[in-house]
Amino acid sequence: MAINLYYYASPATFYQLSGKLIPWFGWSAVILTAIGLYISFFMAPTDFQQGEAYRIIFIHVPAAWMSMFIYLVMAFWGAIGLAFKTRLSFMMSRALAPTGALFTFIALWTGALWGKPMWGAWWVWDARLTSELILLFLYIGIMALWAAIDDPQRGDRAGALLTLVGAINVPIIYFSVKWWNTLHQGASVSLTKAPSMAKIMLIGMLVMAIAAWLYTIAVALYRVRTLILERERNTDWVKALVEK
Amino acid sequence: MLSFLFTVIRRDLMLAARRRGDWLTSQFFFVMVASMFPLGIGPDPVTLKLIGPGVVWVSALLASLLSLPRLLAEDYRDGSLEQMLLTPQPPVLLALGKSLAHWLIYGIPLLIISPILGIQFALPAEAIAVLMLSLLIGTPILSLLGSVGAALTLGLRGSGVLLTLLILPLYVPVLIFGAGAVDAAMAGTGAESHLSLLGAILVLTLLVAPWIAAAALKVSIE
């Protein structure tokens, strides 16, 4: 059975579809988070080097993955929107940005919490930390641009262009920061983890990552619904929905 | 095609030449910001030498940012930008010409002033030469990337601060390789690799930025 993408690209039909999908994604996110936290706190063994403090990676690593991945997904939707002029793609991009910024912030915050007992410092100008910080700046810049533009159509396309410029720049930023870091910080801490990780730790991390995914989808769909209602407030179907 | 490009550049140069006060503000800003650092940190030449390349480069970034609103905003306000976009000439050339003019007007003077700042920070002569070279390659990148930001924020409220927020993260690689080249020259490891990478970024930006700036111009003027 082929799914008619054009059918679901219409905000009115997508509104109905997303309404049905949100509980599924939301509840599976809750359940998987519970399982993931159980694995990470009760089943995963204590690390012999890092003690109990290592357990923060079960939140830190999925958050860091999500922060980068959401940016790419935003750029993808922005590119689709610019290429096909689909309103819904821009709205998806807008709906994802706050969650991406949130995950970036969580990754930085948990990184600091982990760094204090491990490195003895809240903040180290490590390559990954620094690029994560710059990623947060990029998210903030895009959201500030959206906030400053009142006309939704102009805002959509301007934001998509900026997201694309950022997406081209992210790898360049990452490698330049990495190089800068190795040049300036010869003998400092290394983030490279122990080569082998206990299987149960990896499973816990993966479960948490999938939970983060599902949460992101649920929240983004919820936000998209709000955006659709706001944009389509003058159409008949929204009026009918309100009167119901 | 090329004559259009030259016309755009010549027009901007002429406008800048007739408004010299405007033009000088940005250069004085560059000198003043850099001069604040020794006052805040202390006159110890060893420390100054250490932070010098970074401070001069950060000041150059800020001075370039400060002059970005003049890249397009004035033409937007008096309507001439719209007229230029209405001509049958490709908007990409308009964006490219505007960025090149911005570099000639605001980038080149930074390059010429930088040796004075180098002396303030007790940099050796070879390091100053590398500083100028890195600014020569780096400042056009700043103008090109800046044209994207200037086009995106055209006519928005508080566009100055917004522009900083959008563009500064994108300037990071330029800052790293620019200041890194001078550091490497002083450490004796040779600045060539930094300068080559800076050149690579320049080529990439030259290929991509005018197209995106042209698209952003079309989005902003409708």
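Two residues are in contact here if their C-beta atoms, placed from the backbone, lie within 7 Å. On that basis, 23 residues of chain A are in contact with 23 residues of chain B. On the chain A side, α5 (127-148) and α6 (152-184) each supply at least two residues, and α6(A) gives the most, with 14 residues.

A word on the model: it is predicted, with local features needing pLDDT of at least 70, side-chain atom pairs counting only at pLDDT 80 or more, and totals for chains, interfaces and linings using all residues. Residues are numbered from 1 along each chain as its sequence is written, while chains are lettered from A and ligands numbered from 1 in the order in which they are written.

Now for chain B. There are ten helices and zero strands in it (DSSP runs numbered from the N terminus: H or I of at least four residues for helices, E of at least two for strands). Of its 222 residues, 50% count as buried, meaning 20 or more other C-beta atoms within 10 Å of a residue's own, with the C-beta atoms placed from the backbone. Here are the spans of its C-alpha trace:

| Principal-axis span, chain B | Value |
|---|---|
| One axis | about 55 Å |
| Another axis | about 35 Å |
| Remaining axis | about 30 Å |

Let's zoom in on Pro173(B), which sits in helix α9 (residues 172-187) of chain B. Why does Pro173(B) count as buried? Because it has 24 C-beta neighbours inside 10 Å. Leaving out residues up to four places away in sequence, Pro173(B) touches Ile172(A), Ile173(A), Ser176(A) and Ile201(B). Ile201(B) is 28 residues away along the chain, with 8.5 Å between the two C-alpha atoms.

Technical notes
A residue is buried if 20 or more other C-beta atoms lie within 10 Å of its own, exposed if 12 or fewer, and partly exposed in between; C-beta atoms are placed from the backbone.
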